[in-house]
Amino acid sequence: MEAVMHTARLAVALAAVTACRLDPLVDDTPGASGHVLEAGSTVPIAADSPEIANQITLNDGIDDKLLAINNGVIPRGTGQSAGEPVRYWSFGFASRAPAPLFRFFERKASGLVPLASHPPMVESLPGERSYNPLHAVNQVVVTDRYKGELITSADALADAIDLGLVEDPVPTGDFVASPIVLTTTRLEVSAQPTMPPVAPKQIYGHGYIVGMFELGGALGEQPTGGFLPTRQVSFLRESTKPAFDATRPIFQATVPTKLPTPPDPANYTALSVVINVDLAPSLPASTISKDSDLFVRDADGAITSTTTKVQQLQITTSMLVLPIQFEENMP
């Protein structure tokens, strides 16, 4: 119920972006809020709340057994893309409905500047229907009335808008792979033992401090101006094997070389539709190293035919968040 209320209030706030506003009929001096925290307030950590911590742990899409074996570190897998091995992380299932991510800014003479003193905020956490490890970025600009208050939840943001502390959120049209985890979780980024795992960025959600990995750096945040894009990923099965091998995915997606600028489409997405591929008899899976070994695609990326290496295929309805690591030692 709480998540539904949050969604409803933020829907109203976001709708105000395009809605016509009338002048107030009464004094609009800010009042008080039970959700907006005063500057310097202590925000509880989700890991210290058994209920919230359990909710995130059970629903963050991370393999709990692998996480335990690796002492709280999310390990990398190895797949193939464009004929080369690539490292990737797995964050489970998702959909094309990204969850909102709110980043805070202040207006300077030179333009908008990120508000360094205020972490981003998410509306939903793992375990809620509206959660997605892929987020749609929204820009929130503070006003002259803002005095360092902390906006740690969707209710707080709705109140901050009413109080005139911030302007209405503005959707940027950008998507980012940014899974929510506990702050104690770490991410493997290197094969070098001297390179420690990376800690998540601390952000706000539901009035708590939670962790978030922003993956891909500047290249991983793709402006599209439309729906969250998808690619496909193939799991192979040799004729002598009983199951498809999900540990060596063949990615249609490739590592981007630049950040596209609108109205260009995204040249990378971490969201992949699963294709189960039965290989031709006696063909070793190790001979497949790129998507074009399996399929012929048109200019839009749609499969038009298969190669002789494919016995049969099934395009499933499953979509997985499998972010490719673009650069060693970096998330």
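Predicted model: local features only at pLDDT ≥ 70, side-chain atom pairs only at ≥ 80, totals over all residues.
Residues are numbered from 1 along each chain as its sequence is written. Local features need pLDDT of at least 70, side-chain atom pairs count only at pLDDT 80 or more, totals for chains, interfaces and linings use all residues, and side-chain values use heavy atoms, with hydrogens and water left out.

**Exercise 1. The chain**

Task: State how many helices and strands the chain has, and what share of its residues is buried.

Solution: 
- Step 1. The chain holds 5 helices and 19 strands. These are DSSP runs (helices H or I, at least four residues; strands E, at least two), numbered from the N terminus.
- Step 2. Of the 331 residues, 47% are buried (under 20% relative accessible area, 1.4 Å probe, protein chains only).
- Step 3. Take contacts (heavy atoms within 4.5 Å). Among those with a separation of 6 or more, 75% join residues 24 or more positions apart.

**Exercise 2. Ser81**

Solution: 
- Step 1. Strand S2, residues 77-81, contains Ser81.
- Step 2. Ser81 counts as buried because its relative accessibility is 5%.
- Step 3. A polar atom of the Ser81 side chain lies 2.7 Å from the backbone oxygen of Ala253.
- Step 4. Set aside neighbours within four places in sequence. Ser81 is then in contact with Val86, Phe251, Ala253, Thr254 and Ser289.

**Exercise 3. The largest cavity**

Task: Find the volume of the largest cavity and describe its lining.

Solution: 
- Step 1. The whole structure has 1 cavity of 30 Å³ or more. On a 1 Å grid over the protein atoms alone, a cavity is a set of points where a 1.4 Å probe fits but cannot get out; lining residues have an atom within 4 Å of a point.
- Step 2. The largest cavity holds about 130 Å³ of space.
- Step 3. It is lined by 18 residues, with Ala177, Gly220, Tyr268, Thr269 and Ala270 closest to its centre.
- Step 4. Strand S8 (residues 170-177) gives the most to this lining, 3 residues.
- Step 5. By class, the cavity lining has 13 nonpolar, 5 polar and no charged residues.

**Exercise 4. The largest pocket**

Task: Which residues lie nearest the centre of the largest pocket?

Solution: 
- Step 1. A pocket is an open set with protein on both sides within 12 Å along at least five of seven lines.
- Step 2. The largest pocket has about 410 Å³ of space.
- Step 3. Of its 18 lining residues, Asp63, Leu66, Tyr88, Ser90 and Leu322 lie nearest the centre.
- Step 4. The pocket lining counts 12 nonpolar, 4 polar and 2 charged residues.

Note on methods
Buried < 20%, exposed > 50% of the residue type's maximum accessible area, 1.4 Å probe, protein only. Polar contact = N/O pair within 3.5 Å; in protein donor to acceptor, adjacent residues only side chain to side chain. Points joined across faces, edges and corners; volume = space filled by probe spheres on them. Nonpolar A, V, L, I, M, F, W, Y, C, P; charged D, E, K, R; others polar.
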